[in-house]
Amino acid sequence: SQLIPTSPLTDEKFIDRSSCFMHLVCQVFLPLLLLLLTTTAKCSSGKSSNTYQGSHMSQSYAQSDDLGAKASAPPTIAYQKRHKDLLLGLNELELSRKRSLYGDDDNDDSRKQDFESQLPSVPKKLQQYANDHSLKRWECEMELQREIEELPRSIMAGAPDEANLLCLLLEMMDATTVIEVGVFRGITTLTLALCLKRMNQKASSIPPGDDIQRRRRIIGLDVSEEYVTTGEKYWIKAGVDDIIDFRVGDAKNSLKMMLEEEDFGENSVDMCFIDADKVSYDDYYEKCLRLTKKGGLIVVDNTLWGGRVLTPDSMLTSAAANNEDNGKYRFEDTIAIKALNKKIFNDTRVERVCFLTIADGVTICRKK
């Protein structure tokens with residue numbers, strides 16, 4: 001066979017033409033062919049990825065200046081399943097986060113629903129931390145709270161941090177007379193009475209022969225005595241039963257009678273705390289405003305009403321007109337609370353309105 005000069009593709013001095021041809025194929029043409037096949041596959045994959053991402057996610061490929069075209073292919077069934085699984089996973093993650101914040105130690109589903117409906121301004125564990133570093137409660141208060149927690153409708157009991165705030169205000173005012181509209185099981189009543197009792201004991205100057213236990217008093221109004229029997233035994237145990245004047249009946253009538261009584265009348269009360277049936281809130285507010293002294297406080301509970309105050313008025317009015325019911329929270333209650341919130345804010349008879357987001361919303365205003 002004919003010999004040829006040395007080729008740059010081999011270290012041998014001479015090779016035949018057939019060997020040289022095979023060498024070129026192996027070192028040049030095969031790599032080029034593999035490169036071409038790889039590039040084609042990547043292009044196909046990139047086109048598919050462009051369609052997938054452009055149809056749902058960032059659409060970064062579809063919006064690229066280089067491509068210019070917008071992908072229009074719908075998501076595949078496989079993608080839809082993957083997306084659904086992703087959403088389920090996110091939901092589980094959110095539930096896990098809520099459990100870590102709010103705790104999951106209550107097995108009563110109704111209580112869980114009640115608690116969540118109140119939209120607390122801080123998570124349960126943070127609220128407990130705040131209570132642990134602010135509340136100094138008597139044992140009788142703790143015993144009553146524990147008993148209430150085991151009874152139906154426990155969510156209706158007053159919040160301890162709210163009662164603590166009211167006690168601070170009473171002490172700053174050196175208050176003597178308090179009206180509580182809506183007693184329920186009497187735990188807030190107990191806390192306020194204990195506060196008044198301590199104020200009596202700390203009084204620096206008491207006239208000779210004066211009955212210090214009657215100098216300060218709280219008048220509790222409730223339509224029924226069915227629930228208050230739970231708290232009454234703790235009032236006696238705490239020694240504040242003679243400070244509490246509990247009256248059974250429609251609070252609207254009770255307040256009207258107090259306006260006519262010699263011991264009360266207009267401008268005779270230091271603080272009125274309203275926490276009863278919501279549709280009567282406006283009536284309670286008007287009568288309490290007359291009973292309250294100049295500079296006295298009117299406190300209204302549940303003014304956030306579990307966030308329902310954000311419901312548009314048109315929806316509430318329509319639902320109420322059609323006698324629709326959204327469960328235990330009536331639309332009329334939400335309408336009444338929203339109306340009073342607006343009224344207090346624009347009422348020229350009061351000043352320094354404070355709308356606090358503790359408990360379920362607490363509005364405090366001072367009578368001019």
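1. Let's start with strand β7, residues 362-367: five of its six residues are buried, so this strand is largely enclosed by the rest of the structure. Buried here means under 20% relative accessible area, with exposed being over 50% and partly exposed in between (1.4 Å probe, protein chains only). Helices (H or I, at least four residues) and strands (E, at least two) are DSSP runs, numbered from the N terminus.

2. A word on what you are looking at. This is a predicted model, in which local features need pLDDT of at least 70 and side-chain atom pairs count only at pLDDT 80 or more, while totals for chains, interfaces and linings use all residues. Residues are numbered from 1 along each chain as its sequence is written, and side-chain values use heavy atoms, with hydrogens and water left out.

3. Now for the overall count. The protein has 13 helices and seven strands. Of its 368 residues, 36% count as buried. Among contacts between residues at least 6 apart in sequence, 68% join residues at least 24 apart; contact means heavy atoms within 4.5 Å.

4. Back to β7 and its two partners. Strands count as paired if DSSP finds at least two bridges between them. Strand β5 (residues 292-301) pairs with β7 in the antiparallel sense over five bridges, and Asp301 stands opposite Val362 there. Strand β6 (residues 350-356) is also antiparallel to β7, again joined by five bridges, with Phe355 opposite Thr363. The hairpin of β6 and β7 has five residues between the strands, and Ala359 takes a positive phi near 50° in it.

5. Strand β2 (residues 217-222) is worth a careful look. It is joined to strand β1 (residues 177-181) by five bridges, and the two run parallel. Val178 is the bridge partner of Ile218, and Ile179 stands opposite Ile219. β2 also pairs with β3 in the parallel sense over five bridges, with Ile219 opposite Asp245. In a regular strand, the side chains alternate between the two faces of the sheet. In β2, Arg217, Ile219 and Leu221 point one way and Ile218, Gly220 and Asp222 the other, and all are buried.

6. Helix α7 (residues 187-202) has 13 of its 16 residues buried. At 1.5 Å a residue, those 16 residues should span 22 Å, and the end C-alpha atoms are 23 Å apart, which agrees; the expected span is 1.5 Å times one less than the number of residues.

7. Which residues have the most contacts inside the largest nonpolar core? They are Leu170, Leu190, Ile218, Trp235, Val240 and Met271, in a core of 33 residues. α7 gives the most to this core, with eight residues. A nonpolar core is a set of buried Ala, Val, Leu, Ile, Met, Phe, Trp, Tyr and Cys residues joined through side-chain atoms within 4.5 Å. Not counting residues up to four places away in sequence, Ile218 touches Val178, Glu180, Thr189, Leu192, Ala193, Leu196, Ile243, Ile244 and Asp245. Apart from that core lies another, of 28 residues, among them Leu221, Phe264, Ala276 and Trp305.

8. Lys338 sits in helix α13 (residues 331-346). Its side chain reaches the backbone oxygen of Thr311 at 2.7 Å. A polar contact is a pair of N or O atoms within 3.5 Å; within protein, one must be able to donate a hydrogen and the other to accept it, and residues adjacent in sequence count only if both atoms are side-chain atoms. Leaving aside neighbours within four places in sequence, Lys338 is in contact with Val309, Thr311, Pro312, Asp313 and Leu316.
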